Amino acid sequence: MNTFKISELAKEFGITTRSIRFYEDVGLLQPDREGAIRIYQRRDKTRLKLILRGKRLGFSLAEIRELFDLYDTNQSDGQLRQMITMIDEKQHKLQRQLDDIKVVMEELNAAKSRCKLALNGKAKEK
């Protein structure tokens with residue numbers, strides 16, 4: 001079975017060991033211990049990957065914990081429906097953000113084009 005040291009996970013994911021310890025403190029990771037040394041299992045590594053991905057996508061740590069809790073328990077229909085609802089809400093929020101980003105990118109491109117035209121016009125006047 002693969003096990004990992006905290007420093008190995010930190011290096012692999014490009015984060016600090018302090019961040020990993022924080023995720024442990026808030027209950028998102030539960031490494032085994034051999035004395036003062038933390039021993040992380042493949043499950044912890046997968047969870048860390050999901051935590052970081054969830055954060056990048058805008059999930060709060062509370063939402064990530066809720067998703068983990070829903071996944072870890074004996075999944076009833078109600079829990080699965082709640083998970084689907086959470087995912088739907090996040091997808092709608094991300095889609096709105098994506099639409100907003102597209103509009104802003106178009107506006108920035110238009111402003112950039114106007115600036116280039118203005119610079120070209122000034123260059124021709126000289």
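**Close-up views of a predicted model**

**View 1. L108 and a nonpolar surface patch.** L108 sits in helix α5, residues 77-125 (helices, H or I with at least four residues, and strands, E with at least two, are DSSP runs numbered from the N terminus). This is a predicted model, in which local features need pLDDT of at least 70 and side-chain atom pairs count only at pLDDT 80 or more, while totals for chains, interfaces and linings use all residues. Residues are numbered from 1 along each chain as its sequence is written, and side-chain values use heavy atoms, with hydrogens and water left out. With a relative accessible area of 51%, L108 is exposed (buried means under 20%, exposed over 50%, partly exposed in between; 1.4 Å probe, protein chains only). Together, I101, V104, M105 and L108 make a nonpolar surface patch of about 380 Å². Patches take residues with over 30% relative accessible area and no salt bridge, joining nonpolar side chains (Val, Leu, Ile, Met, Phe, Trp, Tyr) within 5 Å and like charges within 9 Å; areas come from the Shrake-Rupley method with a 1.4 Å probe.

**View 2. The salt bridge between E12 and K45.** The structure holds four salt bridges (a side-chain nitrogen of Lys or Arg within 4 Å of a carboxyl oxygen of Asp or Glu). In the pair E12 and K45, the closest N and O atoms are 3.1 Å apart. E12 belongs to helix α1 (residues 6-13) and K45 to helix α3, so the pair ties together parts 33 residues apart in sequence. E12 is partly exposed at 46% relative accessible area, whereas K45 is buried at 18%.

**View 3. E24 and R38.** These two side chains meet in a salt bridge of 2.5 Å, N to O. The pair links distant parts of the chain, with E24 in helix α2 (residues 17-25) and R38 in strand β3 (residues 37-41), 14 residues apart. E24 is buried at 14% relative accessibility, and R38 is buried at 17%. A network of salt bridges links E24, R33 and R38.

**View 4. K90 and E63.** The closest N and O atoms of this salt bridge are 3.6 Å apart. K90 in helix α5 and E63 in helix α4 (residues 61-72) are 27 residues apart, and the pair links distant parts of the chain. K90 counts as buried at 7% relative accessibility; E63 counts as partly exposed at 28%.

**View 5. D44, buried with no salt bridge.** D44 is part of helix α3, residues 42-56. The nearest side chain of opposite charge is R43, 5.0 Å away (Lys and Arg count as positive, Asp and Glu as negative; His and the chain ends are not counted). Leaving out residues up to four places away in sequence, D44 touches L29, Q30, P31 and I39 (contact means heavy atoms within 4.5 Å).
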